[in-house]
Amino acid sequence: MNDVLAKSRKIYVTRKIEFNAAHRLFNPELSEEENQRIYGKCSGLYGHGHNYVIEITLSGIIDRTTGYLFDLKALKALLEEEIVARFDHRHLNHEVKELERSVPTTEVLAVTIWDILESRLETITNKEVSLHEVKINETGKNSVRYLGE
Ligand code: NI
């Protein structure tokens, strides 16, 4: 057999997940007027919802034995447990302890998800696999990418 894995191959593997959640963009350190100016209708008192679509990308060297980078069944289970269970059908300002004291913009959410996943992945992956990117599509038109920098 032509052993394509005879040399190390760096690869990127992405899993998509979805959840819906409410948030309000409001910084309590600023006045009502400033919040209104910065966040507009996104600062409305009762919040509003989004259907978030998240793409999690791992990178690393393909395992020579399995041919996988990382078992996608295991990644699916991990994302359900760490991300969907934590955020789905929540109000991000009030019900997620990792977001307490932050304005839950998509940027902040991306970094928060990165931190949650990185600390979890550290415990279960070998050094050949790492978190590469968290991408959040907040709407069909707006997305944010965080690469851990
Ligand atoms: Ni919003």
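This is a predicted model: local features need pLDDT of at least 70, side-chain atom pairs count only at pLDDT 80 or more; totals for chains, interfaces and linings use all residues.
User: Which residues hold the nickel ion?

Analyst: The protein donors are His 23, His 48 and His 50, each through NE2. They lie 2.0 to 2.1 Å from the nickel ion.

User: What spacing do the donors of the nickel ion follow along the chain?

Analyst: The pattern is H-x24-H-x1-H. His 23 sits in strand S1 (residues 10-23), and His 48 sits in strand S2 (residues 48-61), so this pair ties together parts that are 25 residues apart in sequence.

User: Is His 23 buried or exposed?

Analyst: Buried means under 20% relative accessible area. His 23 has 1%, so it is buried. His 48 has 23%, so it is partly exposed.

User: Now the pockets. How is empty space found?

Analyst: A probe the size of a water molecule is rolled over the atoms, and this shows where empty space is left. Here, the largest pocket has a volume of about 270 Å³. It is lined by 15 residues, and the closest to its centre are Arg 24, Phe 26, Pro 28, Asn 93 and Ser 102.

User: How does the lining of the largest pocket divide by class?

Analyst: Six residues are nonpolar, five are polar and four are charged.

User: How much space lies in the second largest pocket, and which residues line it?

Analyst: The second largest pocket holds about 150 Å³. Its lining includes Ile 61, Ile 62 and Asp 63, along with Tyr 68, Leu 69 and Phe 70. Thr 125, Asn 126, Glu 128 and Val 129 also line this pocket. By class, the lining has six nonpolar, three polar and two charged residues.

Methods:
Residues are numbered from 1 along each chain as its sequence is written. Side-chain values use heavy atoms; hydrogens and water are left out. On a 1 Å grid over the protein atoms alone, a cavity is a set of points where a 1.4 Å probe fits but cannot get out, and a pocket is an open set with protein on both sides within 12 Å along at least five of seven lines; lining residues have an atom within 4 Å of a point. Grid points are joined across faces, edges and corners, and a volume is the space filled by probe spheres set on the points. Ala, Val, Leu, Ile, Met, Phe, Trp, Tyr, Cys and Pro count as nonpolar, Asp, Glu, Lys and Arg as charged, and the others, Gly among them, as polar. Donors are N, O and S atoms within 2.8 Å of the metal (3.2 Å for Na, K and Ca); water is not among the atoms, so sites may look incomplete. Helices (H or I, at least four residues) and strands (E, at least two) are DSSP runs, numbered from the N terminus. Buried means under 20% relative accessible area, exposed over 50%, partly exposed in between (1.4 Å probe, protein chains only).
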